[in-house]
Amino acid sequence: MMRNLALFFGSFLVGALSPAMAQDAPERWSIAIHGGAGTISPDRMTEDQRAEYEAALQEALDAGAAILAEGGSAMDAIQAAILPMEDSPLFNAGKGAVFTWEGANELDASIMDGRDRSAGAVTGVTTVKNPILLADKVRTDSPHVFLMGEGAETFAMEQGFEVTPPEYFATERRREALERMKADALSAMDVDHKFGTVGAVALDMDGNLAAGTSTGGMTGKRWGRIGDAPVIGAGTYADNRSCAVSATGWGEYFIRVGVAQEICTRLRIERESSRRETEWEASRASNESNPSNITFVHVNSVQLGAEVGQDIADEVMAEVAELGGDGGVILVTPEGHAIYSFNTTGMYRGRATSEGVNEVAIFGEGVVESDTPDH
């Protein structure tokens, strides 16, 4: 049985004389952001800390939503949303990134355009203030998709990026976490109760999707460890035919499941299956009403309900949990559904749409409504 309850067709009757009946879809936009998922409990957070995180999330959300509301592109919107989170010491990306075992801040990022599935990614950079911008330069100004370490920084300098001193990224809170990990022989999971990776996904008024993710990785990471955030298909994926996804969590498991692309692929298959079933039903109805003029109905598009995307995201996150991993995802669909799914106690997150939704949330229950004007 088909999951989706909401199908709409922009269709033409092949061999018939009547024009298409479908109206152009209304201009709409949608954006979702995240700032990490994990063991986040209200008991471990003061009211001031909660307000600080909510304000930071709202700032990022508003930056991306403003671009979309003005008719800007999804690619510009996700970068505008990610930049303030990379610049905030609250999150594990850019300033405030966690330390490696050797005491360095190594940064990863990836970005993808759903129009043509062009993508860019960097890993292990140490002197680039905003890795998401460098990832996009890899996408647009290089013949490659993925650059690492020294080579990525050489490319950054050739592209005019300023060299940011490594001390800019360091914070006392992250240094203390590394020292505690070494002193007490703890795991990264013991000192990091949340994954502070940041990301954004968006749909613009032209119907294009985009996704981006940025992170400092895992506290005490060694041997050049790379997580899912810079891996296209694991931590980031966008395809106008299906959805845009950004992930946060225990990267090894997200890589093994191929979380971001897995969600998009399942949605694309669901959409194609729905289209074929709709064509069959419409053709049968047309032929029954006019048996002398056998007609095939071609359906140009179908719309899936939000519950379809939610179910698929939940199923993929359940697979991550079955393997032993945890974390969460955000996704936006071509219909403009902004969806979260996480198997942790909380996820820093937010979403806004052209229909007036504007909310941020941290814990598993409820959302915080913004008192800012709708975009």
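Predicted model: local features only at pLDDT ≥ 70, side-chain atom pairs only at ≥ 80, totals over all residues.
Residues are numbered from 1 along each chain as its sequence is written, and side-chain values use heavy atoms, with hydrogens and water left out.

## The protein as a whole

The protein has nine helices and 16 strands, where helices (H or I, at least four residues) and strands (E, at least two) are DSSP runs numbered from the N terminus. Of its 375 residues, 52% count as buried; buried means under 20% relative accessible area, exposed means over 50%, and partly exposed lies in between, with a 1.4 Å probe and protein chains only. Contact here means heavy atoms within 4.5 Å, and among contacts between residues at least 6 apart in sequence, 70% join residues at least 24 apart.

## Helix H2 and its neighbours

Helix H2 (residues 74-87) has 14 residues and reaches 20 Å from its first C-alpha to its last, which is close to the 20 Å expected at 1.5 Å a residue. That expected span is 1.5 Å times one less than the number of residues in the helix. H2 is mostly covered, since 10 of its 14 residues are buried, and these are Ala74, Met75, Ala77, Ile78, Gln79, Ala80, Ala81, Ile82, Met85 and Glu86. What covers them includes helices H1 and H3 (131-141), together with strands S2 (30-38), S3 (107-113), S7 (198-203) and S8 (209-215).

The packing of helices is described with axes, which are lines fitted to C-alpha atoms, for helices over the stretch in contact, and with angles that run from 0 to 180 degrees between N-to-C directions. Helix H1 (residues 47-69) packs against H2 at an angle of about 160°, with the two axes 8 Å apart. That makes H1 roughly antiparallel to H2, because angles over 145 degrees count as roughly antiparallel, those under 35 as roughly parallel, those from 65 to 115 as roughly perpendicular and the rest as oblique. On the H1 side the contact is made by Glu59, Ala60, Ala63, Gly64, Ile67 and Leu68, and on the H2 side by Ala74, Asp76, Ala77, Ala80, Ala81, Pro84 and Met85. These residues divide into 10 nonpolar, one polar and two charged, where Ala, Val, Leu, Ile, Met, Phe, Trp, Tyr, Cys and Pro count as nonpolar, Asp, Glu, Lys and Arg as charged, and the others, Gly among them, as polar.

H2 also packs against H3, at an angle of about 150° and with the axes 9 Å apart. In this contact Met75, Gln79, Ile82, Leu83 and Glu86 of H2 meet Pro131, Ile132, Leu133, Asp136 and Arg139 of H3, and by class there are six nonpolar, one polar and three charged residues. As background, an α-helix has 3.6 residues a turn, so residues three or four places apart point the same way.

## From H3 to H4

The axes of H3 and helix H4 (residues 149-158) come within 11 Å and cross at roughly 75°. That makes H3 roughly perpendicular to H4. Leu134, Lys137, Val138 and Asp141 of H3 make the contact with Ala152, Phe155 and Ala156 of H4, and these residues divide into five nonpolar, no polar and two charged.

| Residue | Relative accessible area | Class |
|---|---|---|
| Arginine 351 | 23% | partly exposed |
| Arginine 117 | 42% | partly exposed |
| Tryptophan 223 | 78% | exposed |
| Alanine 177 | 7% | buried |

Arginine 351 is placed in strand S14 (residues 346-353). Although arginine 351 and isoleucine 31 are 320 residues apart in sequence, their C-alpha atoms are 5.6 Å apart in space. Leaving aside residues up to four places away in sequence, arginine 351 touches Ile31, Ala32, Leu61, Ala338, Ile339, Tyr340, Val357, Asn358 and Glu359.

Alanine 177 lies in helix H5 (residues 172-183), and its C-alpha is 8.4 Å from that of phenylalanine 99, a residue 78 places apart from it in sequence.

Arginine 117 lies in the loop between S3 and strand S4 (118-125), and its phi is near 55°, a positive value in a residue other than glycine. Tryptophan 223 is found in the loop between S8 and strand S9 (236-239), and has a positive phi of about 60° although it is not a glycine.
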